[in-house]
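Keep the structure open as you read.

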Amino acid sequence: GRMKSSRDFSRHLLKGELSAALVLLGMAVLMVPGVDANARRRANRHTRSVSGLNMTAASSWLDHSLDGYCSITGGFLSEGTCAEGVRGTWNLLRHERAGKGNTGFFGHSDSKLVPRNAAAWNLAVAHCLRLCSYCERCNYVSVSLQWADCSWFHECPRWDEAKLLTDVAGFRSAPVISAVKHARSYDHMARIGGTLLSSMGEHKGEVDLRWTQLMIHNEAAGYNMSGISAIANHPSLRSSIRRGIHLSIGGRRWLPEKLSSYMTRVYLRHNNQSAWEREQLARRWQRTLVGEVHVWDLINLLHFTIDHTDKQLMYTSQLIHCLQVYNMIREKARLAPTEADGGGGQEDSSYWRDMLISGLIHDIGKLLTVFGETDENTDCMNRILDVGGRGGLDSISFHWNHDSFGHAKLASYLPPRVQDVLKFHSLREIPYLLNAPPDEGEGSLGQEDVIHAKVTRAEALDFQRRASADDVERARFVAHFATFDAGSKVITDTIPRVDMDEVINLIESYFPGGKIVW
């Protein structure tokens, strides 16, 4: 109340008192009459997050930072994890960098910041250092407002030699002082999982690592892990969670050759699934497994399973995959919210929201493996096995797997086109409702075709003849989603960062209170 002008407030920010200022602002928002519960929750979470930042350390880091960056990061170049890697990157979220649009030092080559940018850099660096504090291998960081980037490095020889890369403007780099490193070790964070890690046998190391990654990801975003922990330690899950990831003796991950051989066997069993087996699977998994849970907590459990038939992802978790898809959709929606890029030219805001929620939940059915189901009844692509009635999308039967399970669990909460994504995103015939059928003979020869049960030209033409105009429109949304599903895949152990408020609000806009009975 004593600040007489915005200039006085800026002076407080420049003194490193942004944290306290935002705490007061957050308290004010919480006390304003008429502010809805979602706004109060967002303000509360943001206040907790900012109040935990070390603005003094950020200011000190900026004083010692230099123009440039240590090395290239991102995509396939983000090598390893915080437990054993050499470099990686986190995207800085919108609320983590004040003054969006400020892109650099306006021509300054030293660490003196102009006033309009000082608060933005202080906040961005503070968040970057906070992320680094949870990363065991992080000793140096390169930060950019322009690129919304916080890249970490175990070593940075270019810093030691004063030869930082400057071909991409807008970065500052410096070592991270030991004082900001997080006090808790990986072992301690993993133990917070309680009884989850007991009796894991050779899987303990893998489950331990993934639990730690979840802890780091959610705690850094200000999300309470108690719900995730409660589900993971549920009696129906505790002893079977290790089945989501196959390992060799001693806890080593399979080599690509062994994973490929296993994939062949899984597909052969999946393709031979009988009508009686499909009926039994549907009946077995219609029961309530754990009770009422938050959807985000369930999505997090996907970190404990992989798709053993996906060569593009290998040991990348299904949580990582879903967030990769979500982020790719989000970026497309941001850049071209009305562009007809395979979506029929009808991409309004509700279209993209439906696409985003599809990205988060489309593979939630793969939790089947952590509850004990076999891979041939969980993973794999599907084929039409029988056609009834007129033969449209609502008259076909196909293999039972994560598509059927996820659809059965969530369909009642979702709009029709999101239901279609859950049910049909693994169906091989879907693209042929929109595209030309394969050439004559394609998909009918060779062991590879037997494994994947490719669609023949005659089958595609028959499906097209039976489909209605409504089927084609429904398939268009599913096929558009498939471009993100397939195009976002990157092998990594790093959980992609997302705006937690945005994700939770999206989930709660489809599921009352964000919860379902699972």
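In this predicted model, histidine 362 has a relative accessible area of 1%. The cut-off for buried is under 20%, so His362 counts as buried. Its place in the chain is a loop, the one running from helix H15 (349-361) to strand S7 (384-387).

What does histidine 362 touch, leaving aside residues up to four places away in sequence? Its contacts include three histidines by name: His321, His402 and His425. Cys322, Val325, Val421, Leu422, Phe481 and Asp485 are also on the list.

Now follow the contact to histidine 321. This residue sits in helix H14, which spans residues 318-335. Histidine 321 is buried, because its relative accessible area is 2%. Apart from residues up to four places away in sequence, it touches Leu313, His362, Asp363, Asp485 and Lys489.

An unreviewed UniProt entry places the feature "binding site" at His321, His362 and Asp363. These positions spread over 43 residues of sequence, yet they cluster in space, with a largest C-alpha distance of 10.3 Å. His321, His362 and Asp363 are part of the lining of the second largest pocket.

Step back to the whole protein. Its secondary structure comes to 21 helices and 9 strands. Of its 518 residues, 53% are buried. Take the contacts between residues at least 6 apart in sequence: 75% of them join residues at least 24 apart. The accessible surface comes to about 23,000 Å², and carbon and sulfur atoms account for 53% of that area.

Technical notes
Residues are numbered from 1 along each chain as its sequence is written. This is a predicted model: local features need pLDDT of at least 70, side-chain atom pairs count only at pLDDT 80 or more; totals for chains, interfaces and linings use all residues. Side-chain values use heavy atoms; hydrogens and water are left out. Helices (H or I, at least four residues) and strands (E, at least two) are DSSP runs, numbered from the N terminus. Buried means under 20% relative accessible area, exposed over 50%, partly exposed in between (1.4 Å probe, protein chains only). Contact means heavy atoms within 4.5 Å. Accessible areas come from the Shrake-Rupley method with a 1.4 Å probe; for residues, only the protein chains shown count as cover. UniProt positions are given in the numbering used here, feature names are shortened, and annotations may be inferred rather than shown by experiment. On a 1 Å grid over the protein atoms alone, a cavity is a set of points where a 1.4 Å probe fits but cannot get out, and a pocket is an open set with protein on both sides within 12 Å along at least five of seven lines; lining residues have an atom within 4 Å of a point.
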